Amino acid sequence: MGKNLSGKTVFIVAVLLVFVYGIVGIPKGGLRASLERRINLGLDLKGGTHLVLEVHANEAVASAVDRDAVRLTTDLQAAGISGATAARSDASKPTTIVVSGIPVAKQSDARSVFNGVNYNAYDVASGADGTMTLTMKQQSANDLVTRTVDTSIETIRERIDKLGVAEPTIQKYGLGENQILVELPGLDDPARVEDVIQSTAKLEIHAVTGGPYASDQDALQANNGIIPPDSILVKGAAQAGAPEQVWLLKRVSEVEGTDFRDAQPSTDQNGRPNITFTLTTEAGDRFYKYTNEHSATSATPGSMAIVLDNKVREVAGINSAIRDRGEIVGGFTKQQAADLSLMLRTGALPASISFLETRTVGPSLGAASIRQGVFAAIAGMAAVMVFMLIYYRGAGINADLALVLNLIILLGFMGFTGSTLTLPGIAGVILTIGMGVDSNVLIFERIREELRAGKSAAIAVQQGFAHAWVTIIDTHVTTIVSALILFLFGTGPVRGFAVTLAFGLLANLFTAVFVSRVIFDSHLQGKERGAALSI
Amino acid sequence: MEFFRNTNIDWLGKKWYFLGFSLIFSVSGVLSMLFWHGIPKGVDFTGGTQIRVAFDGTPNEDHIRQAMDKAGVRDARIQRVSDPSGHAANKVIIALPINSATDQAHDAGRQAVENALATNYRDSKATIEQVEIVGPTAGKQLQQQALLATVYSLIGMLIYLWFRFELIYGVAAVVAVFHDTLITVGAFSLTNTEITLTVIAALLTLIGYSMNDTIVVFDRIRENLGMNRREGLADVVNRSINQTLSRTVLTSGLTFLTVLSLYLFGGEVLHGFSFALVVGILIGTYSSIAVAAPMLVAYQEWRSGRGKTVSLPANKKARA
């Protein structure tokens, strides 16, 4: 047994060293600095901004379906099926395109168009009275949503990187597919970052088909009470002193966010801040075709509306054909023009977003919280340790050593895994202390019972551990089960708490059961059978 | 040193007192939830805006309210916060209800409050320490998640106990834990203390803790049943409670000590969290003795009253 025991001692010391390394790493610049480097503090402790936002990915799906409907009409005409029109179904079925007006003789031709490579994301079905419907496959719609959210994450990341926030967290969040968590630690002025993320900068250029009108009702009246299916009503951006205006625009945009290649803040000839933009080659060609057909000198002159975040910013007549360069004048301030061009440069968000949660903790509150939390943990632990020494005398040392080791392992684990210590996490530490004490108390009380029954010290220790072990396993497994579920279904700080608790319990199994036993055994080793136990 | 050596208390004989005690506390909590304060939900669940402001001096709530009214911030709830230990009474929480049915205008309330503070408290006399804005969607979602987490963790524990003991043990433990949660939430309602996300974490901890306590007693019952088959279940249960009493009081006392230090020194941010634990530790300890264990006996009596063959629960042997 002697050799076995020294082996175990070596093992314990090795574990201790490994986790001490986990806490402080290679000591550099003092203990405090090492600690701060290794232990990741949550935003509630170091201050910062926590945002949860939702990507309205359905918008991206609807506009993809819109584009496909437009292309489908063109493709059908190219296949010689004139008179057929395709349009997205109503809002209740945003993934469905209804094609009407296909002559009976051309049905099979139409089918072969539908089966073409451009429409393999759709299921085709024949409806009543000669219409056919294409419905986007669930899988394709899901993929599109995922892609939209991923693109949003990338876009937001680039915007935040350009703002120079250190170590931001940007990731998918929650149970839903379309939520994003943004954490910006140690942020002094969250307001501007919020603005930059919040502005979706969904920039589109639409053809104007009517307006401006003073209100929605006026617009309806002017169009005999119906909004044409290929058009939408869009309000103008609110401007101080100006009356509200509404325009009727073509539903499908000529140019959208992803078509922009570059954007720079500049000033127009009157010295007002504006934004000059450059389009991608493909979009430039498209834009040229459109503006050439509708320029002031052409047969069908038209005007365009620049729509930012679903508000008309500017309406301009098309003086001449434009290829890939243009400018936006929209009553911006200098700061707005700079921020907006930053957003356009880093890519527009593929869909608009809304904020679900915003939490900001100032650095002073964080510092106060950590001081208080740590003080509470130390005070609680000290009280427990003193009590254990008084109540269990010699065995109290076992318990106290186990507790300290438990704490070291727990913190070391957090250092290794980069887990975040949050305020509830500190509470988790305190609870771990409670559970650790419980294991020791269970064991010690059992040993006392055995001693009272007249067993020798060695037998009492052995029996005490054996009896208590069953209970300790049961209690720990149930608590770990609840910590696990907490981790799975909880969010943010609750998760931090669950991680701390779960690992604390594992550490506790090791210290209270294994380490404490080794201490008892080494104490009893070499003593005669009748030796007394200080417990 | 030693407390409770050879205690011989007839716990089951006091079951009617226990029942009365539990009823008084749970019923008054439920009545408060139904007719008085309801379940006071924090901004995490209701949605809305909550802004914590620290003032240099002692703030005048009326003055703050006037400042808010002047800025057009309606329905603001202004509440002075202080530590349980009485410190930091210079902080105020300004809470605004959700102001629109959608997630739009997310930030409007916050900006209005910030402006009002900036114009009325110049020279950094008012520092915004914390801002929490939760939209209605997130609030609903968080509430749903919290409920789900609770129900799932209860089911998880029930299954574990079923596997390790017998179904009735799992049921008794879950009933006891439900009893604890009900009374603790009742305490939040009676004292009108807001339930936040961290409080939910505390409630789940309390569930784990109460389970822990119950399992210790159950484990002893199982062990004693395995050793002595002639003793009646009631006697075994009584003896098991007495045998573990020393441990129960010690552990609960020490855990209580740690959560009390959290309550007193942990700062007002953790106030709700530590309040739940302080109440929960007391009630969780009580319920393992006064609710869970008597249920085993009641179940057995009910079974034998119906003329069924009485099988003592826990015929699965302890491995010790």
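**Salt bridges and helix packing in a predicted model**

Visitor: In this predicted model, which residue does the side chain of Glu223(B) meet in a salt bridge?
Guide: The rule asks for a side-chain nitrogen of Lys or Arg within 4 Å of a carboxyl oxygen of Asp or Glu. For Glu223(B) the N to O distance is 2.6 Å, and the partner is Arg446(A).

Visitor: How many salt bridges does the rule find across the interface of chain A and chain B?
Guide: A search of the whole structure gives 24 salt bridges over all chains. Across the interface of chain A and chain B, the number found is 7.

Visitor: Which helices hold Asp474(A) and Arg164(B)?
Guide: The side chains of Asp474(A) and Arg164(B) form a salt bridge at 2.6 Å, N to O. The pair joins two chains, so the helices are H14 (residues 457-489) of chain A and H5 (residues 136-164) of chain B.

Visitor: What area do chain A and chain B bury between them?
Guide: In chain A, 65 residues are in contact with 65 residues of chain B. Carbon and sulfur atoms carry 62% of the buried area, which is about 6,100 Å².

Visitor: How are H4(A) and H6(A) oriented to each other?
Guide: Helix H4 (residues 57-78) and helix H6 (residues 138-163), both of chain A, have axes 9 Å apart and pack at about 125°. The two helices H4(A) and H6(A) are therefore oblique.

Visitor: How do the residues of the contact of H4(A) with H6(A) divide?
Guide: H4(A) contributes Ala57(A), Ala60(A), Val61(A) and Ala64(A), and H6(A) contributes Ala141(A), Leu144(A), Val145(A) and Thr148(A). The division is 7 nonpolar, 1 polar and no charged.

Note on methods:
Residues numbered from 1 in each chain as written. Chains lettered and ligands numbered in written order. Predicted model: local features only at pLDDT ≥ 70, side-chain atom pairs only at ≥ 80, totals over all residues. Heavy atoms only, no water. Axes fitted to C-alpha atoms, helices over the stretch in contact; angles between N-to-C directions. Helix = DSSP H or I, 4+ residues; strand = E, 2+ residues; numbered from the N terminus. Parallel < 35°, antiparallel > 145°, perpendicular 65-115°, else oblique. Contact = heavy atoms within 4.5 Å. Nonpolar A, V, L, I, M, F, W, Y, C, P; charged D, E, K, R; others polar. Buried area = accessible area lost by both parts, 1.4 Å probe.
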